[in-house]
Amino acid sequence: MSGLPFDEALMRLAIEQAHHARAAGEVPVGAVVVRDGVVVGAGFNRPIGSHDPTAHAEIQALRAASEALRNYRLVDCDLYVTLEPCAMCAGAIMHARLRRVVYGARDPKTGAAGSVVDLFAEARLNHHTEVAGGVLAAECAGLLSSFFAGRRASRAP
């Protein structure tokens, strides 16, 4: 199952997760792992609250899916995430053998799906996850922009 309406519906679930992150004072990034059209894992950014630099939304969703499916290999699964994965998350996605990653907003500072580097296209790596970007990009980027604008405003004199 894929296609723009389907991808948008699942990205909206990732956006819901991003709202949980924002409510917790975290950078609003959310992710869901889907197999056969069913969400098997979900997560949102938690590095600040969990004191864990690896607690990105993608990692949280991968951990939840792996636990639910009782397997660290997520071969028949797709990941939907509101922000282009970083290098750490791209590595985890490939190690989990995800079939596909769909992201919303590009990340011009740390994006590892083409914005800064493209680890998914690195021919020397042994697994290649399909990538689709830009799904509900404006909405996903807006969450981040408003979050950081709010932080800057709260620091203003």
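A word on ground rules. This is a predicted model, so local features need pLDDT of at least 70 and side-chain atom pairs count only at pLDDT 80 or more, while totals for chains, interfaces and linings use all residues. Residues are numbered from 1 along each chain as its sequence is written, and side-chain values use heavy atoms, with hydrogens and water left out.

Let's begin with charge. Side chains of opposite charge can pair when their charged atoms come close. Here a salt bridge means a side-chain nitrogen of Lys or Arg within 4 Å of a carboxyl oxygen of Asp or Glu. Searching the whole structure turns up seven of them. Take R100 and D7, whose side chains meet with N and O 2.7 Å apart. R100 sits in strand β4 (residues 100-105) and D7 in helix α1 (residues 4-23), so this bridge ties together parts that are 93 residues apart in sequence. (Helices, H or I with at least four residues, and strands, E with at least two, are DSSP runs numbered from the N terminus.) Are these two partners buried or exposed? Buried means under 20% relative accessible area, exposed means over 50%, and partly exposed is in between, using a 1.4 Å probe and protein chains only. R100 is buried at 9%, and D7 is buried at 4%.

Next, look at D78 and R99, which form a salt bridge at 3.0 Å, N to O. This pair links distant parts of the chain, with D78 in strand β3 (residues 77-83) and R99 in the loop between α4 and β4, 21 residues apart. D78 is buried, with a relative accessible area of 5%, whereas R99 counts as partly exposed at 40%.

R63 and D52 make another bridge, their closest N and O atoms being 4.0 Å apart. R63 belongs to helix α3 (residues 57-69) and D52 to the loop between α2 and α3, so the parts they tie together are eleven residues apart in sequence. R63 is partly exposed at 43%, and D52 is partly exposed at 22%.

Now for the rings. Those of Phe, Tyr and Trp (its six-membered ring) pair if their centres lie within 6.5 Å; planes under 30 degrees apart count as stacked, over 60 as edge-to-face and the rest as tilted. By this rule there is one aromatic pair. F147 and F148 have ring centres 5.1 Å apart and planes at 80°, so they are edge-to-face. F147 is buried at 8% relative accessible area, while F148 is partly exposed at 32%.

Finally, find M88 in helix α4 (residues 87-95). With 31% relative accessibility, M88 counts as partly exposed. Which residues does M88 touch, leaving aside its neighbours within four places in sequence? Counting a contact as heavy atoms within 4.5 Å, the answer is P53, T54, H56 and I59. M88 and E58 are 30 residues apart in sequence, and their C-alpha atoms are 9.7 Å apart in space.
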